[in-house]
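This report describes the fold of one protein chain, element by element. Please look over the sequence and the structure shown below before reading on.

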Amino acid sequence: NIMAESLLSYALTTVAREKTRLTITVSTHDTILLYLINSVTDFIEGECNRRFKETTYTNEVYSIQGQGNNFLNLKQSPVSSVTSLQYRAGLKSNPNWTEFVADDWELLEDGVSGIIELHGSFPQGGNGIRASYVAGYKINFSNYGDMTTHTLPADLTDLAERLAIKLFKRREAEGKAREDFNGGSITWKDLLNHEDTETINKYKRVNFF
């Protein structure tokens, strides 16, 4: 048996929300809406170079280029906690990962930027730093509006919903099959208007060393 595709655990909206915006009450289109939400979510995350759902990252490795660099830009944000920040003291074949002294570094701006400042400078070289941390937004659409359990920005959800609706309506107009959406034939750039591009740029994560 082929397992049915399910909504991504990190999806930026829900089928029910899409149906509300489309004023659809029947379940006829639920499956295609699910496919579209998954595709749109992956597209937005790919463009923004990040995972939006709160996730735990363990021993994520970083390379430091240039001497005297005392900032580490974590790959994800916003960061809610950093549980470990280590440097490689040993050899590649026998790494001796050693914790930085806790008072020697701090997470800037309560983690919003995802940047760690070291009082001193990070050792230069490839794969010499690793960090374990929790980053991303809480996603719980059943409690939408409760900022303690759902912190995903509303403009990201709105973007995902609008893109999925554009695809859904284009599919109806052109009689497209589901394979067109999973087969990579979507010309995403054609779907984006200025407002969409601005939202993507607002959340785009730029990794620097």
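## Helix α6

On one side of helix α6, H194 and K202 are exposed. Across from them, on the other side, the helix, which covers residues 194-203, has the buried residues D196, T199, I200 and Y203. These four span an arc of only 100° around the axis, and therefore they lie on the same side of α6.

The N-terminal end of α6 is capped by N193. A side-chain oxygen of N193 lies 3.0 Å from the backbone nitrogen of E195.

## The chain as a whole

The model is predicted. Its protein chain contains six helices and seven strands. Read from the N terminus, the elements follow the order α-α-β-β-β-β-β-β-β-α-α-α-α.

Of the 209 residues in the protein chain, 43% count as buried. Among contacts with a separation of 6 or more, 73% are between residues 24 or more positions apart.

## Helix α2

Helix α2 is formed by residues 30-48, which makes 19 residues. From the first C-alpha to the last, α2 reaches 27 Å, close to the 27 Å expected at 1.5 Å a residue.

How much of α2 is buried? The count is 14 of its 19 residues, so α2 is largely enclosed by the rest of the structure. Just after α2 comes N49, which takes a positive phi of about 60°.

## The four-stranded sheet

Four strands make up an open sheet in the order β1-β7-β3-β4, and their pairing is antiparallel. The edges are held by β1 (55-64) and β4; each has a single partner strand, so one side of each is left without a neighbour in the sheet. From one strand to the next, the twist averages 30°.

The pairings can be followed across the sheet in turn. Seven bridges join β1 and β7 in the antiparallel sense, and Y57 stands opposite Y133 in β7. Strand β7 (residues 125-135) is also paired with strand β3 (residues 79-88), again antiparallel and over seven bridges; here Q86 has R130 of β7 as its bridge partner. Strand β3 is joined in turn to strand β4 (residues 97-99) by three bridges, and these two strands run antiparallel. At this pairing, R88 stands opposite W97 in β4.

## The three-stranded sheet

Which strands form the other open sheet, and in what order? There are three, arranged as β2-β6-β5 with antiparallel pairing. Strands β2 (71-73) and β5 (105-107) are at the edges; because each has a single partner strand, one side of each is left without a neighbour in the sheet. Neighbouring strands of this sheet are turned by 20° against each other on average, direction ignored.

Strand β2 pairs with strand β6 (residues 115-118) in the antiparallel sense, over three bridges. Within this pairing, L72 stands opposite I116 in β6. As a general point, strands of a sheet pair through backbone hydrogen bonds, either parallel or antiparallel.

Definitions and conventions: Residues numbered from 1 in each chain as written. Predicted model: local features only at pLDDT ≥ 70, side-chain atom pairs only at ≥ 80, totals over all residues. Heavy atoms only, no water. Pairing = 2+ DSSP bridges. Axes fitted to C-alpha atoms, helices over the stretch in contact; angles between N-to-C directions. Expected span 1.5 Å × (residues − 1). Buried < 20%, exposed > 50% of the residue type's maximum accessible area, 1.4 Å probe, protein only. Arc of directions from axis to C-beta. Polar contact = N/O pair within 3.5 Å; in protein donor to acceptor, adjacent residues only side chain to side chain. Contact = heavy atoms within 4.5 Å.
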